[in-house]
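Reader: Hey, can you walk me through this one? I'm new to reading structures.
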Amino acid sequence: MTKLKFGTFLAPIHKPGQNPTLLLQRDLEFVTRLEELGYDEAWFGEHHSAGSEIYASPEIMIAAAGERTKRIKLGTGVTSVSYHNPLWAAERMVMLDHLTHGRVMFGLGPGSLPTDAAMLGLSQIDTRELLAENTDIIMRLLRGETVSAKTRTHELFDARIQMAPYSDPLFDVAVAAIASPTGARLAGRNGIGLLSIAATLTADGFDALQYHWGMLEEFAELAGRSADVDRSQWRLVGPFHIAETVEQAYKDVEHGIEHWFDYLQHVAAFPQMDVRGTDKTEMIDFINTSGIGVIGTAEQAREQVQRLVDQSGGFGTLLIQGHDWANPAATLRSYELFALDVMPYFQGQAQPMIDAAARAEAVREGQADEHRKAVEHMTDKYQAELAGKGAS
């Protein structure tokens with residue numbers, strides 16, 4: 001890939017007990033600032049319990065953000081399609097596609113919180129089976145088919161979307177994947193993108209990136225959809241926090257990194273997300289030494305992005321995982337530094353300026369050398385004239 005895109009993936013993970021009205025407004029203002037900084041995408045999650053991930057509807061967040069922005073693309077990160085009627089889920093995205101003039105992206109997932117599924121009487125096995133069934137139904141509907149189908153939660157009779165999408169071709173659709181091959185298989189079978197939420201995860205020697213895309217391509221070929229998939233449709237999610245110095249970055253994340261670790265270890269309960277640490281120092285060190293993310297400087301962030309490019313073989317978009325490791329001001333500053341000193345290196349903007357500066361330096365050095373030679377020449381000439389006068 002010659003030019004990476006960048007964005008944010010907002011679950012979000014806010015510490016419970018804060019004013020939810022202000023948190024929602026702050027997140028929307030944050031997305032408008034990201035658009036000003038040149039970010040390409042913002043994704044909003046869906047969760048219904050546990051008090052931290054407070055977006056009950058990513059579609060509503062997209063509608064609100066869509067009215068505040070003009071360019072940045074807005075996605076469901078992800079719609080828990082196992083909880084929804086697939087017809088209405090598809091219809092809502094088509095409506096948003098029109099309202100945003102083609103800026104929507106449709107992320108599909110099973111629903112991540114066991115406490116969400118439990119309120120609907122669903123197990124984690126149920127939600128994954130429903131994801132596969134509903135993804136197939138949704139894609140058939142979005143591609144204009146009339147669908148009759150029955151799942152354990154819904155039944156459709158000659159169902160059809162009443163509006164064609166605004167986007168032509170269809171807006172981006174992507175399936176979420178953490179570590180298992182389920183998401184990659186679904187993406188390949190349906191000819192859609194992949195959203196690797198645990199892109200930087202390396203636990204017990206298991207590296208999701210080594211086979212995710214290969215699995216997708218294999219299933220796309222089996223389904224006759226190889227022409228529909230491309231690495232530009234692959235999005236990787238990972239956590240970063242950067243500052244002007246390593247010391248400042250470490251100090252910043254002491255604000256809230258403990259809640260993030262506690263949430264992933266005990267609430268979200270992803271067995272694949274092997275995050276370790278019992279105090280702030282251990283947690284910060286784990287982020288940096290495990291390869292999961294970066295707490296440090298722009299230079300370290302550039303190195304991490306390059307590792308992901310090399311490790312994956314190429315992808316389309318890097319999404320910075322939203323978190324409240326630092327306070328809002330320091331968090332925004334991290335995204336500003338990322339836009340200023342990381343993104344240009346992967347979008348073809350940094351090297352031409354670096355080369356121009358090197359050429360200017362070479363000219364200056366050449367001019368200095370010419371000046372030195374001219375001075376030496378004039379000095380030699382003057383000394384020769386003096387010597388001639390002395391001899392006469």
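Author: Helices (H or I, at least four residues) and strands (E, at least two) are DSSP runs, numbered from the N terminus. This is a predicted model, where local features need pLDDT of at least 70, side-chain atom pairs count only at pLDDT 80 or more, and totals for chains, interfaces and linings use all residues. Residues are numbered from 1 along each chain as its sequence is written, and side-chain values use heavy atoms, with hydrogens and water left out.

Reader: Ok, at what angle do α3 and α5 cross?

Author: Roughly 45 degrees, and the axes of α3 (residues 86-99) and α5 (residues 124-142) come within 9 Å.

Reader: New topic: which residues does a cis peptide bond join?

Author: A11 and P12 are joined by one, with omega about -15 degrees. P12 sits in the loop between β1 (5-10) and α1 (20-37). Another cis bond links D168 and P169, omega about 5 degrees, and P169 lies in the loop between β6 and β7.

Reader: And what's the phi of D158?

Author: Positive, about 45 degrees, although D158 is not a glycine. D158 belongs to strand β6.

Reader: How about A50? What's its phi?

Author: A50 isn't a glycine either, and its phi is positive, about 80 degrees. A50 is in the loop between β2 (41-44) and α2 (58-68), and it counts as partly exposed at 38%.

Terms used. Axes are lines fitted to C-alpha atoms, for helices over the stretch in contact, and angles run from 0 to 180 degrees between N-to-C directions. Buried means under 20% relative accessible area, exposed over 50%, partly exposed in between (1.4 Å probe, protein chains only).
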